[in-house]
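Hi there,

Here is the structure I promised to pass on. Have a look at it first, and then read my notes below.

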Amino acid sequence: MRREPLIALLMGGALLAMPPLLSAASQASTETQREHPGEAKEKEAEIKTLPITIEGLEHLDVDSLYDVLGVKYSKWFEFWKEKNPRIPLELIPSIQDTLRGYLDSKGYYDATYTVKVDKKGVTIVIDEKKPVVVEEINVSSDFPIGDYISFEKGDPFETDTFTSVKSRIKKALLKEGYCSYDLDTKAYVDLDKRTVDLVYRLKKGDLCHFGNTTVVSKPEDIRDAVILSRMRYRPGDVFTTERVNESYAALNQLGIFGQTLINTDIKYFNVVRPEVSAKYKEHMHRYTISAGYDTEVGMRVRGTYDHYNFFGGGRKLGLVAQYSSEVIELSSNFFQPALFEFSGLYFDLYLDGGYYQEAYDFYDEKKVYFDAKINHIDGFWDYSLGFSVERLNIVKTGTPPPEEEDSFYPGYFSLVYGYGELAYDGRDSKLNPRNGYYLKGYGEFGYSMGEGEVEDSMYYKWILEAHLIKSFGLFTFATVGHAGVIYDEKPGSLPMSKYFYAGGSYSNRAYGDRDIGVTITPTSDWGGGGRTWLNFTAEMQYPIWGDLYGGIFYDATMIAMEDYDFKGEAWIQSAGLGARYITPVGPIKLDFGMNIHDPSINRISIMIGQSF
């Protein structure tokens, strides 16, 4: 095999032309100061650049070459502008080296080019010639890596793609728990034949597991337990970078650290022993004030105040105030991380209370409440136990449907109840899952005390939720099911808002949040809530371009007046399509849904986070 020398063509004219160009730029820049400041700034920006033209490309992408050379031009989405590519004067001397490196990286080792620079601009003429192409791909692996090798026979050999394939394989191994792999990737180039043979050899080794985590550096007033409670894994769990990333996210959610590091390089016989370091951020107070239009509540003004590390120890105190035509809120909240430890599990404390008012179809609810909850979350399990007290005033603002009159009573209600929640997350990612399942159960038991015609009553409520996600290649399919029942001993003993409603991004996307009450036909519902709820969603997500995905979905909702009535009167069904843009904090989703029996019932919704 022979590697030919790469010869750079030096264009003396390009360098000789630079001094007068720079001199002219300086002179013209002075003249622009006499003009309008905005126009002067635009002209000065143009004077510091020259027009550039690239000719001769057959296979390579001109926009990619513009980006490599540092050319300024209008992007594809700026369709109202002319492309007008211009290169900064200071980058012109580096064109030769940049071109040669780019062409080699794309496999065009024999490509030649000329560069002409004068006062009119820069002209580059490229003769691509034949690229070095992939002739053979040899894979020997005990771990499925075929999906990560993006080369095919006959493709030009690109060094950056070769490097990225190796990186993707490593990430896939670590995500599945293999941290002691033996990976060897080679590219054998034959310049005489203009071909390259690729070799990928991999032995995945044994699964790695998490060992004990050590806090090696932290602020003095923070207990180790506060940091350890954010680790979304336990000793003995299979090692995966997904759990490490979730631990980073949990540390950042505390809102007190400006810098965190979870070092997973320390390993003994396939046991990874993470070491954690954390430093405080500078500012522990956050204020937000927002005003705008919300698709659920209309025009809204909202303000929040958060005091992080309140009296030290990672505690947080928060205040919330908001006003709109449908919602009024004034509340406070308190958070204590790692309140206590039980059997190796750390439990946090959440306190929340205040005043909340919301408008429904034919009544308003005014509520004073207090809620206390302890919660534990690790990589898979989420446990919660809570206790709540509410004092509600239901004010009639319209005429309830005849079917609701027997169970609708305005007036005052006092509720005391306890609740618990248990969830298991078996998805491969919480932010953008492609495979796995999620199960959750919620139970509530309490006592309702009414006034006037309303009798006191015991009640209970339960909700089951299940998600199933499966990917085939680049397509992801997901189904989500909900089932819930409320049982009250005496009809009308609960405030109307306590019953089941549906609608919105997480149930039925042709409707707004809580727009669906008891379903009576495929296109209509009563305004009040019901005692039995079923909801089913099916969704498919597929890639369009880069991080932009498309989606189609089907939603179906049934709400019945009586408890344990799983037949109901009717299902309200909707279908639609949407776009998803993947970000580090989860997808941003834009969906359009419509009732399949009456397309005039439709809605556009925007959400941040995954619906499955």
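Let's start with a term you'll need: a residue is buried when its relative accessible area is under 20%, exposed when that is over 50%, and partly exposed in between (1.4 Å probe, protein chains only). K193 counts as exposed because its relative accessible area is 60%.

Before the rest, some housekeeping. This is a predicted model, so local features need pLDDT of at least 70 and side-chain atom pairs count only at pLDDT 80 or more, while totals for chains, interfaces and linings use all residues. Residues are numbered from 1 along each chain as its sequence is written, and side-chain values use heavy atoms, with hydrogens and water left out.

**The whole chain**

The chain has eight helices and 31 strands. Both are DSSP runs numbered from the N terminus: helices are H or I with at least four residues, strands are E with at least two. Of the 612 residues, 45% count as buried. Along its principal axes, the C-alpha trace spans about 100 × 70 × 55 Å. A contact means heavy atoms within 4.5 Å; among contacts between residues at least 6 apart in sequence, 56% join residues at least 24 apart.

**Around K193**

Back to K193, which lies in the loop between β6 and β7. That hairpin has four residues between its strands, and R194 takes a positive phi near 60° there. Two strands pair if DSSP finds at least two bridges between them. β6 (residues 182-190) pairs with β7 in the antiparallel sense over nine bridges, and V189 has V196 in β7 as its bridge partner. K193 and E135 are 58 residues apart in sequence, yet 9.9 Å apart in space, C-alpha to C-alpha.

Which strands form the open sheet with mixed pairing? There are three, in the order β8-β12-β11. The edge strands are β8 (209-210) and β11 (267-268), each of which pairs on one side only. β8 and β12 (residues 271-272) are parallel, with two bridges, and F210 stands opposite V272 in β12.

**Helix α8**

The expected span of a helix is 1.5 Å times one less than its number of residues. α8 (residues 241-253) has 13 residues and so should span 18 Å, which agrees with its end C-alpha atoms being 18 Å apart. At its start, a side-chain oxygen of T240 comes within 3.1 Å of the backbone nitrogen of E242. Just after α8, G255 has a positive phi of about 75°. The buried residues of α8 include V244, A250 and L251, and the buried set packs against several elements, among them α6 (159-175), β8 and β21 (411-425).

D364 sits in strand β19 (residues 363-377).

Happy browsing!

Methods: Polar contact = N/O pair within 3.5 Å; in protein donor to acceptor, adjacent residues only side chain to side chain.
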